[in-house]
Amino acid sequence: MAELQKAGILGAGMMGAEIALVCARAGMAVVMKEVNLELAQKGKKRIADILNKQVSKGQLAQADADAALALVTPTDKYDGFADADIVVEAILEVVDIKQQAFRELDAVCKPTCIFASNTSSISITKLAAAARPDRFVGLHFFSPVSIMKLVEVIPGLLATPETVEIAKAFCVKIGKTPIKVKNVEGFAVNRMLCAMMNEAYRLVDEGVASIEDIDTACKLGLGHPVGPLRLCDNISLDLLGKVHDILAEAYGDRFKAPNAFRERVSAGHYGRKTGKGWYDY
Ligand SMILES: NC(=O)c1ccc[n+]([C@@H]2O[C@H](COP(=O)([O-])OP(=O)(O)OC[C@H]3O[C@@H](n4cnc5c(N)ncnc54)[C@H](O)[C@@H]3O)[C@@H](O)[C@H]2O)c1
């Protein structure tokens with residue numbers, strides 16, 4: 001298997017910038033494309049801020065931070081994508097926009113380049129239908145990417161075993177642990193997470209335990225670093241509501257969010273970002 005030396009990243013938002021960061025920390029050259037240069041540079045600034053924080057905490061040498069940052073080229077064009085060995089897409093969660101981007105990439109990237117999408121909810125096989133279905137995988141990272149170790153590797157229907165091996169090798173190279181998961185709604189992690197969160201909402205709904213005690217139970221009884229209701233507030237109830245809808249459609253009522261959740265969404269209490277959710281901020 002040839003060494004992966006260069007990554008193309010589409011999107012420099014919350015996920016794209018940090019995926020670019022972990023690639024650069026692994027010594028890969030990175031070209032990071034946004035819809036305009038200002039957003040691409042904002043993504044690079046986000047990377048610089050994270051690296052600076054790691055330096056100030058003594059987790060990273062200044063020289064290593066400088067070297068990583070120098071490897072990232074922000075751009076609003078596909079210049080620099082022609083010799084990328086892998087492209088990871090982390091743009092808007094809209095099928096048509098993602099498929100269009102992969103068609104554009106297909107025209108500029110070398111034939112051996114692997115295409116990956118960081119989608120959380122769109123079928124990988126559907127995205128792969130746009131371009132290179134044999135060299136296409138889902139790579140589902142977790143936020144914050146600079147800290148979370150897991151990546152779900154999701155082969156589309158036509159992905160070759162070699163593509164999956166290259167994708168897994170890429171994850172290992174950038175310091176992540178890959179797990180192979182079938183292309184199903186919610187993949188593996190979000191199915192487990194939403195099942196647990198739904199049960200936590202139901203406990204609130206039924207008055208079985210207080211919000212604080214449910215989170216304490218998961219932290220001290222199950223060893224979770226954060227309770228499900230606090231995590232729900234951090235991710236945001238509006239986003240999770242959409243995930244619950246997708247899972248309920250795929251798997252039935254067991255994923256339907258109960259009243260305690262839906263009432264908060266109706267009130268606009270989306271969690272930390274609105275100052276109110278399960279908790280007040
Ligand atoms: N946020 C999470 O926790 C999380 C976790 C796993 C997966 N994801 C997935 O990652 C993807 C990105 O999510 P995010 O939270 O980083 O979103 P975000 O809104 O922070 O960033 C998306 C960026 O993509 C840019 N963009 C849009 N169209 C583009 C194009 N054609 N070319 C280049 N850039 C383009 C936007 O300008 C924006 O800056 C989504 O598919 C999402 O489902 C998100």
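The dialogue below walks through several features of a predicted model.

Trainee: What should I know about the model before reading it?

Mentor: The model is predicted, so local features need pLDDT of at least 70 and side-chain atom pairs count only at pLDDT 80 or more, while totals for chains, interfaces and linings use all residues. Residues are numbered from 1 along each chain as its sequence is written, and side-chain values use heavy atoms, with hydrogens and water left out.

Trainee: Which residues are closest to the ligand?

Mentor: A residue is near a molecule if one of its heavy atoms lies within 4 Å of it. Here 19 residues surround the ligand, and the closest are Met15, Glu34, Glu93, Lys98 and Ser120.

Trainee: Which atom of Glu34 lies 2.5 Å from an oxygen atom of the ligand?

Mentor: It is a polar side-chain atom of Glu34, and in Glu93 an N or O atom of the side chain is likewise placed 2.5 Å from an oxygen atom of the ligand. Met14 takes part through its backbone, where an N or O atom lies 3.0 Å from a ligand oxygen. Of the 840 Å² of accessible area that the ligand has on its own, the protein covers 77%; such areas come from the Shrake-Rupley method with a 1.4 Å probe, and for residues only the protein chains shown count as cover.

Trainee: How many salt bridges does the structure hold?

Mentor: A salt bridge is a side-chain nitrogen of Lys or Arg within 4 Å of a carboxyl oxygen of Asp or Glu, and the structure holds 11 of them. One of these joins Asp85 and Lys110, whose closest N and O atoms are 2.7 Å apart. This pair links distant parts of the chain, 25 residues apart, with Asp85 in the loop between β3 (72-75) and β4 and Lys110 in the loop between α4 and β5 (114-117). Helices (H or I, at least four residues) and strands (E, at least two) are DSSP runs, numbered from the N terminus.

Trainee: Is Asp85 buried or exposed?

Mentor: The words have cut-offs: buried means under 20% relative accessible area, exposed over 50%, and partly exposed in between (1.4 Å probe, protein chains only). Asp85 counts as buried because its relative accessibility is 13%, whereas Lys110, at 27%, counts as partly exposed.

Trainee: Which parts does the salt bridge between Asp106 and Arg132 tie together?

Mentor: The side chains of Asp106 and Arg132 meet at 2.7 Å, N to O. Asp106 lies in helix α4 and Arg132 in the loop between α5 (124-128) and β6 (136-141), so the bridge ties together parts that are 26 residues apart in sequence. Asp106 is partly exposed at 34% relative accessibility, and Arg132 is buried at 10%. Salt bridges that share partners also join Glu89, Glu93 and Lys98 into one network.

Trainee: Which residues point each way from β6?

Mentor: In a regular strand the side chains alternate between the two faces of the sheet. From β6, Phe136, Gly138 and His140 point one way, Val137, Leu139 and Phe141 point the other way, and all are buried.

Trainee: In which sense do β6 and β7 pair?

Mentor: Two strands pair if DSSP finds at least two bridges between them. β6 and β7 (residues 150-155) pair in the antiparallel sense over 5 bridges, and Phe141 stands opposite Val151 in β7. By contrast, β5 and β6 run parallel and are joined by 3 bridges, with Gly138 in β6 as the bridge partner of Ser117.

Trainee: Which residues have a positive phi although they are not glycines?

Mentor: Most residues other than glycine have a negative phi, and most peptide bonds are trans. Arg132 has a positive phi of about 45 degrees, and Phe187 has one of about 50 degrees. Phe187 lies in the loop between β8 (177-180) and α7 (189-205) and is buried, at 3% relative accessibility.

Trainee: Where is Pro144, and what is the peptide bond from Ser143 to Pro144?

Mentor: Pro144 lies in the loop between β6 and β7, and the peptide bond from Ser143 to Pro144 is cis, with omega near -5 degrees.

Terms used: A polar contact is a pair of N or O atoms within 3.5 Å; within protein, one must be able to donate a hydrogen and the other to accept it, and residues adjacent in sequence count only if both atoms are side-chain atoms.
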